[in-house]
Amino acid sequence: MKTRLFLVCATAAAVLTPGIANACDLCALYTSMQVDSPSPGAIRFSASEQYTEFDKLQYDGHYAENPADQYLKSSVTQVSGQYDISDQTALQFVAPIISRSYRRVQENEPVTGDVSGFGDMSLLFHYNPIRYSRGKFTTRVRFFAGVEAPTGDAHLLGEEADPSHIHGGGGDIHEEDGHGDGHSDEGEGHHLAASMPKHNGEDHGEPEPLVNAIHGHDITLGSGSWDFPLGFGLTTQWDRLIASADAQYNINTTGAFNYRYANSLIWTTSVGRFVYLEDETQVSLRARLSGQWKEFDVGSGGVEYPDTAQNYVFLGPEVNATTAYRFQLVLGLDIPVEMKNSDLQAVPTSRFRAAITYKF
């Protein structure tokens, strides 16, 4: 009976998060399940790091060549403080510190650069309505909602409003000869403006212009908008088995330069086992499936930006350790297993996550 109950809850954890995929690198908040349920008067501090490498180009979900060696390396460090108001409620403040380096195309030339600073800060309210424990079975449910303030520098979004700015690859991208399906098999894909017309084996004419795949909306530190994250979390444990699910939906408003990021959904689900389980120390290994999804961003006059829709799915291992119910450490690696995107974009090839939390 207990085994059946665990399987039901584990299945629910997987089903309650939609089967689509994660969004902009600005959106995800570190709001992992607390070390334990809220303790009235307790104060928690945490720091988390999400490092993502975007060094592959895709056009409409298919591999594209990268003649300019464009890339984006993004580090988002979130510093968080939380106060437990009661045994069911808590208030959390999250401040992201962002550092990004990139190589992109400007005026038909590869250009390298970097940006860093504080991002958009958030204030969240947590509500934990359910904590049920019986024998070896435990389950917890939580909800959170909050507001994200426009504290990050959003001046790079001005690129999107520039009349001379080209949104997406447009007609500059075409398939290589002999590969009409555009699939991402090695040696195939889309050719990005790297060839000259040829006659009798000799090059003639001017090379086609390089196409930029990394824009202001990719590297900006802030959105300039007041946004509203909503979230849900479920954790279920039976003996040494554990399953969890989280979902975060971001409601975004119009921000700097009349730019509006599309609403986005970020979800995770994981299953695993405790490899060490004692009264005050717990270590679990988990398989984590996660994703992010969003539609097209919108500019002035309701114009949609063609290179902003995403639907990504990641899979990877995660280690979660807790000591004395005060200290929690999380380490994880996310590898993309499905990437669908619109137009030409730099897409993630790997993501490393780490978080540490301490409760006073």
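Is Glu-159 buried or exposed? At 19% relative accessibility, Glu-159 counts as buried, since buried means under 20% relative accessible area, exposed over 50% and partly exposed in between (1.4 Å probe, protein chains only). Keep that cut-off in mind for the views below.

This is a predicted model, in which local features need pLDDT of at least 70 and side-chain atom pairs count only at pLDDT 80 or more, while totals for chains, interfaces and linings use all residues. Residues are numbered from 1 along each chain as its sequence is written, and side-chain values use heavy atoms, with hydrogens and water left out.

**View 1. The whole chain comes before the details.** Here you can find three helices and 18 strands; helices (H or I, at least four residues) and strands (E, at least two) are DSSP runs, numbered from the N terminus. Of the 360 residues in the chain, 49% are buried.

**View 2. Strand E12 sits between two partners in this close-up of E7, E12 and E13.** Nine of the 11 residues of E12 (residues 228-238) are buried, so this strand is largely enclosed by the rest of the structure. Strand E7 (residues 137-148) runs antiparallel to E12 and is joined to it by nine bridges; two strands pair if DSSP finds at least two bridges between them. Look for Thr-139, which stands opposite Thr-236 in E12. Strand E13 (residues 241-251) is also antiparallel to E12, with 11 bridges joining them. Trp-238 has Leu-241 in E13 as its bridge partner. E12 and E13 form a hairpin with two residues between them, and Asp-239 in the turn has a positive phi of about 55 degrees.

**View 3. Nonpolar side chains gather in a core of 17 residues.** A nonpolar core is a set of buried Ala, Val, Leu, Ile, Met, Phe, Trp, Tyr and Cys residues joined through side-chain atoms within 4.5 Å. In the largest one, Leu-57, Leu-72, Ile-219 and Leu-344 have the most contacts inside the core. Strands E1, E3, E4 (89-106) and E18 (344-359) each supply at least two of its residues, and the largest share, three residues, comes from E1. In soluble globular proteins, nonpolar side chains tend to be buried together.

**View 4. Gln-58 meets Asn-341 through their side chains.** Gln-58 belongs to strand E1 (residues 43-59) and is buried at 4% relative accessibility. Its side chain makes a polar contact of 2.8 Å with that of Asn-341.  A polar contact is a pair of N or O atoms within 3.5 Å; within protein, one must be able to donate a hydrogen and the other to accept it, and residues adjacent in sequence count only if both atoms are side-chain atoms.

**View 5. Asp-84 and Arg-44 form a salt bridge.** A salt bridge is a side-chain nitrogen of Lys or Arg within 4 Å of a carboxyl oxygen of Asp or Glu, and a search of the whole structure finds 10 of them. In this pair, the N to O distance is 2.7 Å. Asp-84 is in strand E3 and Arg-44 in strand E1, 40 residues apart. Asp-84 is buried at 0% relative accessibility, and Arg-44 is buried at 3%.

**View 6. Back to Glu-159, which forms a salt bridge with Arg-104.** The closest N and O atoms are 2.7 Å apart. Glu-159 lies in helix H2 (residues 158-161) and Arg-104 in strand E4, 55 residues apart. Arg-104 is buried at 3% relative accessibility.
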